[in-house]
Amino acid sequence: MAEQKVRWGILATGGIAAAFTADLVDLPDAEVVAVASRRQESADAFAERFGIPRAYGDWTSLAEDGDIDVVYVATPHSAHREAAGLCLEAGRHVLCEKAFTLNAREAVELVALAQARGSFLMEAMWMYCNPLVRRLKALVDDGAIGEVRHVQADFGLAGPFPPSHRLRDPAQGGGALLDLGVYPVSFAQLLLGEPSDVTARATLSAEGVDLQTGALLSWDGGALASLHCSIVGGTATAASVTGSAGRIDVPGGFFFPERFVLHRDGRDPQEFTADPADGPRNTLRHEAAEVMRALRAGETESPLVPLEGTLAVMRTLDAIRDRVGVRYPGEESTGEETAGEAPELTPA
């Protein structure tokens, strides 16, 4: 595969699929060969828009297309288990949007399936692949602000979203947490790992999904994280990481930052900015490039977005939902009941 383009299939035709494909077609080592939707007309329109050779009106045909190396799953997260599982069963590698699944049980099933097939699997957590976020993590890991004491992050949209909207629909995994809260949770766990305890409160809609949620995560070492997500109020999407010897502030758009500022005791603030050569702030090309790098290296998971990290985030999201009382149709359990079910992860 080292001398050939990586051949992609796109499963779903919504806004995030279009954004990803637009970035993908600009990468010289990527080729989009097929797209699938549940409706043939949607697949045809998407294929015409991006010059994709094949358009399928069902997911199975895409999964079984032997010309495809890796499938990008861009459905609502309520369908991730079905769509990604179909592709893995057919021998395709998979990049699956976040939230990775509805719950940790489904995530465990996908990871086990990928490992059984020897296939690559990665959550499309583009924040983890962002060069400036990687620089921030490296500074924290190197002790630039001492021992991490507190992480703050928020992500809220003003709305309003009507009850008919996907974000309000329990059947589609609606609510603020899985769509938006996955970012603050993932940011905190990027720096601190899986928390030892979770406390949360939420405002629920008449349909039973969370309109806004606040969570306090804690770690055995004494660190805390204060996180908030909302679909009823626009927030600053800011983040901060406070340590024993300094602080890092990300003033806005923490999951695709333009800059952040390092404050250290006794020193002038130091600003770090995104390199224009890395592309626009909202580019998804970094996660695509990481997938292709891993495939060419023969890896079955990415060190930037490891499967155990994805499972840990899903366990935390389950725990938060358990605390606030959000359960989706067909679920038997959430929260702590799913903890500890992760399979033995083989080295990448």
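**Helix α2 and its surroundings**

The buried residues of helix α2 pack against β1 (6-11), α1 (15-24), β2 (30-36) and β3 (54-56). Here buried stands for a relative accessible area under 20%, exposed for one over 50%, and partly exposed for values in between, with a 1.4 Å probe and protein chains only. Packing is judged by contact, defined as heavy atoms within 4.5 Å. Helices (H or I, at least four residues) and strands (E, at least two) are DSSP runs, numbered from the N terminus.

The model is a predicted one, in which local features need pLDDT of at least 70 and side-chain atom pairs count only at pLDDT 80 or more, while totals for chains, interfaces and linings use all residues. Residues are numbered from 1 along each chain as its sequence is written, and side-chain values use heavy atoms, with hydrogens and water left out.

Which residues of α2 are buried? In this helix, which covers residues 40-50, they are Ser42, Ala43, Phe46, Ala47 and Phe50. Viewed down the axis of α2, these buried residues fall within an arc of 130°, so they line one face of the helix. The arc is that of the directions from the helix axis to the C-beta atoms. An α-helix has 3.6 residues a turn, so residues three or four places apart point the same way. The face of α2 turned away from the buried side carries the exposed residues Glu48 and Arg49.

The two ends of the helix can be described as well. Gln40 lies in α2 and has a relative accessible area of 32%, so it is partly exposed. Apart from residues up to four places away in sequence, Gln40 touches Ala55, Tyr56 and Gly57. Between Gln40 and Tyr56 there are 6.1 Å from C-alpha to C-alpha, with the two residues 16 apart in sequence. Beyond α2 comes Gly51, with a positive phi near 65°.

Positive phi values are also found in residues other than glycine. One of them is Ala12, with a phi of about 110°, in the loop between β1 and α1. Its relative accessibility is 12%, so Ala12 counts as buried. Another is Thr237, where phi is near 45°. Thr237 sits in the loop between β10 (224-230) and β11 (239-243) and, because its relative accessibility is 13%, also counts as buried.

Cis peptide bonds are the next backbone feature. One joins Lys98 and Ala99, with omega at about -10°, and Ala99 belongs to the loop between β5 (93-96) and α5. Another cis bond joins Gly159 and Pro160, with omega at about -5°. Pro160 is part of the loop between β7 (148-156) and α8 (176-192).

In α5 (residues 104-117) one finds Glu109, which is partly exposed because its relative accessible area is 30%. Glu109 lies 19 Å from Thr60, C-alpha to C-alpha, and the two are 49 residues apart in sequence. Helix α10 (residues 307-324) contains Thr316. Is Thr316 buried or exposed? At 3% relative accessibility, Thr316 counts as buried. Leaving aside neighbours within four places in sequence, Thr316 is in contact with Val185, Gln189, Glu194, Pro195, Val198 and Leu217.

The remaining values concern the protein as a whole. It has 10 helices and 14 strands. Its radius of gyration is 20 Å, close to the 20 Å that the globule rule gives for 348 residues, so the protein is as compact as a globular protein of that length. This radius is taken over C-alpha atoms, and the globule rule is 2.2 Å times the number of residues to the power 0.38. Along the principal axes, the C-alpha atoms fill a box of roughly 60 × 45 × 40 Å.

Of the 348 residues, 53% count as buried. Among contacts with a separation of 6 or more, 66% come from residues 24 or more positions apart. The accessible surface comes to about 14000 Å², and carbon and sulfur atoms account for 48% of that surface. Accessible areas come from the Shrake-Rupley method with a 1.4 Å probe; for residues, only the protein chains shown count as cover.

How many positive and negative side chains does the protein have? There are 30 positive and 50 negative ones, and the centres of the two sets lie 3 Å apart. Lys and Arg count as positive and Asp and Glu as negative, while His and the chain ends are not counted. The place of a charge is taken as NZ of Lys, CZ of Arg, CG of Asp or CD of Glu.
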